[in-house]
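Open the model in your viewer and keep the selection panel at hand.

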Amino acid sequence: MRQGDGFLLVLVLVGIGLSIVDGMTGGGVASWFQANLPGIAQSIGGKLALAARYLWPILTLPLIMAVLGRFIALPSAWHSFQRGLVGVIETITGGFGGAARWFALGLVVVTATIVVQRYVFGFASTKLQESVIYMHALLFLLASASTLLADGHVRVDIFYSKASERGKAWIDLLGVYLTLIPMSALILWASTGYMNSTWRILERSRESDGLPFVFLLKTAIPLFAVLMILQGIAMAARSGLKLAGQDTPPRPKNLGEGEV
Amino acid sequence: MSTFIEILPFLMFAAAFAALLRGYPVAFTLAGVALLFALIGMALDVFDPIHFRAFPQRIYGNLMEMDRQILVAVPLFVFMGVMLEKSKVAEELLEAMGALFGTMRGGLGISVVVVGALLAASTGIVGATVVTMGLLSLPTMLKRGYSPELAAGSIAASGTLGQIIPPSIVLVLLGDQISNAYQEAQRAQGIFSPDIVSVGDLFAGALIPGLLLVGLYIGYQVFIAITRPNSAPAAPAPEGGTDWGKILHALLPPLGLIFAVLGSILAGLATPTEAAGIGAVGATFLAGARNAGSDTNPRLGQLVSFVGLAALVGLFLLVVFANLGQERRLFVADLGAMCSLFAWVLVGLTVLGAALSLWRLKRSGVLDEVMSSTANISAMVFVILIGASLFSLIFRELGGDEVVQHALEAVPGGKWGALAIVMLVMFLLGFFLDFIEITFVVVPIVAPILLMMGIDPVWLGVLMAMNLQTSFLTPPFGFALFYLRGVAPPEVTTAAIYRGAIPFVIIQLIGILAVALVPWLATGLPEWLYG
């Protein structure tokens, strides 16, 4: 098993378990969710928003320390803290990416199934059709952070590839704070109302025979933003370590390549 | 102050360009620059932050809504391409074509072009094609006495065919943008039952121009072989004659896939997404049957994979047969109980073969590599679309649309002048930016304006695709040249690669000019196929 496989397995098992219980209780789980989920989500969302409001300055710490490290020698405890931080974050983002990669196979299998159903047996399932879009969206949204880790997001590297290691570290550090985090923060900020309205009604497909999980699909957008901020912090910490002349943790293997 | 506001969109474009050159990932850089100019716009009171609220909705609507099925073709084609790459299709093709043509003067050059075209129509991944051919063909060609210029130029140029020969990821993304732009243009003109142009139209439109380029490349190889025989000598004949079995083994898989995938799209039988899904399964069967990624290939597993593949082909033929000559779509199930039972048996065998192939590929690690690469490339492409959609959102709010429109209308020469200037800008941008950025940033801004001037959408799409392909080949910044430089042996100098690319750039320009002057080359096939 690779990174993320277990995570995905647990999610799938929970999903199957819930639907079995739902079937045995005659829709009990669904109606419980219908009744209670919006309230729970509301209170969790409110707490998250509050936490974000007060805790965001922490995000700038790697930047401040990296710039500071230009002038003074930082204590080695900070460096080992950063290494630990990078390890924790990359386990999380790598786990999401590892789980999401299975959606690539899922897309192939389900698309082929749909084609055979449609052309051979003249039969179409809206749920299956919609699951393709779900997998497509989750694939790129959840794998984006681990793609950043694998350096798979395309760069204009005419000058970057010729830059020194320190130069690259500066570009990455400033890029995180000038572009990556602002973009992700904008998505998070703009998502609050969006999430509110979709969770309040537990939005489902517009088709009556579609999947009832549109609210979860839409939640993948702020989740994408959170994962990108996390991986951005890890990227900044890596750059900070490089600028301070410290060893950086090795990049995890098995991330795959990415070029077209 | 008001002039400052008027040039704000231009400044935004210039700033994005300058920022991109720093080398931070494109997707985020575009978003960062957009945010900066949104702040400037807010300070000048020309941008209302309420528009930010629409951003998550835009991400959802652009990428995740049910009617965006066409985008799913991208990960599916990537999966298919990476899977074929891992099953060493390119290597076998090069060897087989080398054996077939190598004994002629100029033959190795021709075989590189043919292999490039076949890979273009099956895998469509430019970087991988250039790298593989650079690693395998370049040393062989040099050893046989080819001039380094000709060898390098042929490989780089043949690799870029992946962009223009359908099915290609470039054409899916470009076709989607052109399709949106065309609807927007017609709405703006007050046409309320608009024509629709699809990715399938663009595939059909690009086919003849793509083959035209292949023909011109081969013609150039022949021309060189005749006029400068020393640059392209013949290889000695292989011992024991030509091994036709080996050649068929190399040729059949890509040809079969091309026939099934491209054929069913062009025949209007399946959407590009559906065809890509079947192509990906077909590629998985091939990789499974070859036991890609491991050294041994036990007979039994090979047999089960092949039976599965044969069953899939059988299902395909059954569908084609059921629809043959029918005015309305028939399903196999309508043909009677026996047919239905037969179909179920075929489905069973396909599932069995697929399961075994996947298990083999999982064990050898190939499946994990393919899934990870598909995830990475998919994320790379679509996150750029997220960044670019923020960019164009703010560009429009700052009045960029009108600025560009006035500028294009002011160009002398009407639609031809406007088209020429857009093509020139795209060509220049193509030196620095990948096709994805250009497609997502430039096309949505300029295409509606050009289409409103009465330019045919398929023709425009094909010209843009050929144009971008050319700029990827043009020294000194062409991407294909970088890929080749990365794998070429040191005795092939960078200058030689540049000199070798120039004749092919000229060929490309001839091709573009031909399509520009004879629009039928692009529009003829889609009109004939789809009416």
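Start by selecting H9(B), which gives 8 residues, the largest share, to the lining of the second largest pocket. Helices here are DSSP runs of H or I with at least four residues, strands are runs of E with at least two, and both are numbered from the N terminus. A pocket is an open set of points on a 1 Å grid over the protein atoms alone, with protein on both sides within 12 Å along at least five of seven lines; lining residues have an atom within 4 Å of a point.

Before going on, note that this is a predicted model: local features need pLDDT of at least 70, side-chain atom pairs count only at pLDDT 80 or more, and totals for chains, interfaces and linings use all residues. Residues are numbered from 1 along each chain as its sequence is written, chains are lettered from A and ligands numbered from 1 in the order written, and side-chain values use heavy atoms, without hydrogens or water.

**The pocket**

The second largest pocket has a volume of about 1,100 Å³. Volume means the space filled by probe spheres set on the grid points, which are joined across faces, edges and corners. Now select B:Arg68, B:Ile70, B:Asp176, B:Ser179 and B:Asn180: of the 43 lining residues, these are the closest to the centre. Two elements of chain A, H5 and H6, also give two or more residues to this lining. The lining divides into 17 nonpolar, 16 polar and 10 charged residues. Ala, Val, Leu, Ile, Met, Phe, Trp, Tyr, Cys and Pro count as nonpolar, Asp, Glu, Lys and Arg as charged, and the others, Gly among them, as polar.

**The cavities**

How many cavities of 30 Å³ or more are there? The count comes to 4. A cavity is a set of grid points where a 1.4 Å probe fits but cannot get out.

Select A:Val115, A:Tyr119, B:Ile278, B:Phe316 and B:Val319. They lie nearest the centre of the largest cavity, which 16 residues line. Its space is about 210 Å³. H5 of chain A supplies at least two of the lining residues, as do H11 (244–266), H12 and H13 (299–323) of chain B. By class, the lining has 14 nonpolar, 1 polar and 1 charged.

Move to the second largest cavity, with about 100 Å³ of space. Its lining includes B:Phe13, B:Phe17, B:Phe391 and B:Glu437. H1 (2–20) and H18 of chain B each supply at least two lining residues. The lining has 11 nonpolar, no polar and 1 charged residues.

**The interface**

Show both chains. In contact (heavy atoms within 4.5 Å) are 71 residues of chain A and 84 residues of chain B. The two chains bury about 6,800 Å² between them, 73% of it on carbon and sulfur atoms. Buried area is the accessible area (1.4 Å probe) that two parts lose on being put together, summed over both.

Zoom in on B:Glu65 and A:Arg206. They form a salt bridge, with the closest N and O atoms 3.0 Å apart. The rule (a side-chain nitrogen of Lys or Arg within 4 Å of a carboxyl oxygen of Asp or Glu) finds 3 salt bridges across this interface.

**Chain A**
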